[in-house]
Number of protein chains: 2
Amino acid sequence: MAPSSVVDDITKAAVDLFSTQGYANTSVQQIVEAAGVTKGAMYHYFESKDDLLFSVYERMLSLQTSHLEEIVGRGAPTAQTLHDVCVDVIETSIDFLPEGTVFFRSVHMLSEPRQKEVTRRRRQYHDVFAGLIERGQEEGLYRTDIPRAVLVAHFFSDVHYLSNWYSPEGPEDKVLLAQQLTDLFLVAIKA
Amino acid sequence: MAPSSVVDDITKAAVDLFSTQGYANTSVQQIVEAAGVTKGAMYHYFESKDDLLFSVYERMLSLQTSHLEEIVGRGAPTAQTLHDVCVDVIETSIDFLPEGTVFFRSVHMLSEPRQKEVTRRRRQYHDVFAGLIERGQEEGLYRTDIPRAVLVAHFFSDVHYLSNWYSPEGPEDKVLLAQQLTDLFLVAIKA
DNA sequence: GGCGACATACCGAACAGTCGGTATCGAGAA
DNA sequence: TTCTCGATACCGACTGTTCGGTATGTCGCC
């Protein structure tokens with residue numbers, strides 16, 4: 001059996017409530033009630049409400065980072081690697097849409113040190129991504145008339161924005177959408 | 001003279017604090033102190049804290065809508081119109097960066113009816129934008145293999161994301177950046 | 001002398017976090 | 001085998017504070 005389903009139950013309830021009501025509008029009382037546990041249980045496993053929010057980020061960041069490393073580790077040609085990375089990050093962002101909502105909406109509610117930590121980990125991801133583009137530019141694949149930082153931001157804006165408009169119940173298919181957005185990006189940056 | 005600089009002072013202080021600390025973490029006491037007025041003055045001009053937040057949106061929405069109407073009203077060819085609209089919305093978004101931060105971070109803190117109102121006005125803007133793309137598609141200018149909603153979302157993701165990475169103190173020039181992002185978008189959707 | 005534009009003291013609810021407890025269990029001494 | 005003991009996993013009533021909002025007063029101007 002899992003070491004404790006309590007932690008999972010709490011985390012799930014928290015993500016659910018944070019994504020629908022927002023972090024500030026959600027009381028810990030609501031969370032523990034939704035999770036079917038008590039406040040004592042929650043404060044046994046989490047330091048604070050802030051800690052709860054951070055754990056949501058932690059999970060997403062770890063997952064995406066490990067995916068990134070795996071894909072880059074395959075050692076495929078630059079174009080293929082970049083393509084796969086784009087598709088993957090979009091797809092996992094769709095898989096974790098509520099987490100994404102919480103993520104982009106409530107980072108600023110984290111305590112200063114934890115905010116820094118999140119920023120640091122995100123920057124790591126961005127740096128690897130930027131590195132791929134740089135390599136592609138050296139190979140003559142991608143345009144160089146626009147600052148690399150702008151190109152990177154241009155891509156992540158799509159990922160970021162997903163939770164603001166995409167609905168899994170809508171007509172858009174996850175896999176298809178990931179390909180379409182990736183295509184839009186790759187066409188735009190082509191040399 | 002303006003009907004009252006008090007309203008302006010309060011609004012400015014509010015935007016400033018909301019954008020740096022977040023809506024929930026900012027007390028009305030902080031706002032009135034920063035604005036150099038008292039709570040009584042604030043509640044004389046605003047119904048509630050919620051109302052204060054809404055007024056920020058109100059101003060942005062009105063401004064962008066009026067710009068949009070003006071540009072479309074010129075009656076230029078589709079390609080030119082779409083280009084101008086893109087550049088304008090990016091530039092004004094940069095001009096109102098703190099407002100944008102507040103906007104995208106805290107819409108969900110608004111009361112239900114006001115949230116609906118904001119959504120409605122934004123949809124209006126999107127609809128006009130989508131209409132331009134549709135016209136362009138009929139004229140054979142833009143690709144049709146990707147749902148129009150995705151194309152629209154793809155563009156507004158850039159606008160949305162601006163407040164998350166752009167810094168006026170950074171190396172990027174406002175006008176140049178607007179052109180670059182617009183170019184990336186227009187290249188991507190070209191037929 | 002009444003009305004608009006504020007000022008100030010205050011209220012009540014909400015809420016994060018605490019703290020003194022209890023239940024269950026595994027290991028080791030008797 | 002039984003008894004003890006420490007540790008882990010909770011429980012839930014309580015509290016100190018924060019904060020949005022209000023009630024009442026004041027002051028100048030038409």
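**Where the parts meet**

Modeller: Two salt bridges are found across the interface of chain B and chain A, a salt bridge being a side-chain nitrogen of Lys or Arg within 4 Å of a carboxyl oxygen of Asp or Glu. The model is a predicted one, in which local features need pLDDT of at least 70 and side-chain atom pairs count only at pLDDT 80 or more, while totals for chains, interfaces and linings use all residues. Residues are numbered from 1 along each chain as its sequence is written, chains are lettered from A and ligands numbered from 1 in the order in which they are written, and side-chain values use heavy atoms, with hydrogens and water left out.

B:R143 forms a salt bridge with A:D183, and the closest N and O atoms of this pair are 2.6 Å apart. Contact (heavy atoms within 4.5 Å) links 33 residues of chain B with 33 residues of chain A. The size of an interface is often given as the accessible area lost when the parts come together. Chain B and chain A bury about 2800 Å² between them, with 65% of it on carbon and sulfur atoms; buried area is the accessible area (1.4 Å probe) that two parts lose on being put together, summed over both.

A:V15, A:Y23 and A:F46 supply 46% of the area that domain 1 of chain A buries against domain 2, more than any other three residues. Across this domain interface of chain A, the rule finds zero salt bridges.

The secondary structure of chain A comes to nine helices and zero strands. These are DSSP runs numbered from the N terminus, helices being H or I with at least four residues and strands E with at least two.

One pair of helices in chain A is α5 (residues 78-95) and α7 (residues 112-138), which pack at an angle of about 150 degrees with their axes 9 Å apart. Axes are lines fitted to C-alpha atoms, for helices over the stretch in contact, and angles run from 0 to 180 degrees between N-to-C directions. Residues of α5(A) that meet α7(A) include A:L82, A:V85 and A:V89, while those on the α7(A) side include A:Y125, A:F129 and A:L132.

Helix α7 of chain A has a further link. A:D50 forms a salt bridge with A:R114, the closest N and O atoms being 3.1 Å apart. A:D50 lies in helix α4 (residues 49-73) of chain A and A:R114 in helix α7 of chain A, so the pair ties together parts that are 64 residues apart in sequence.
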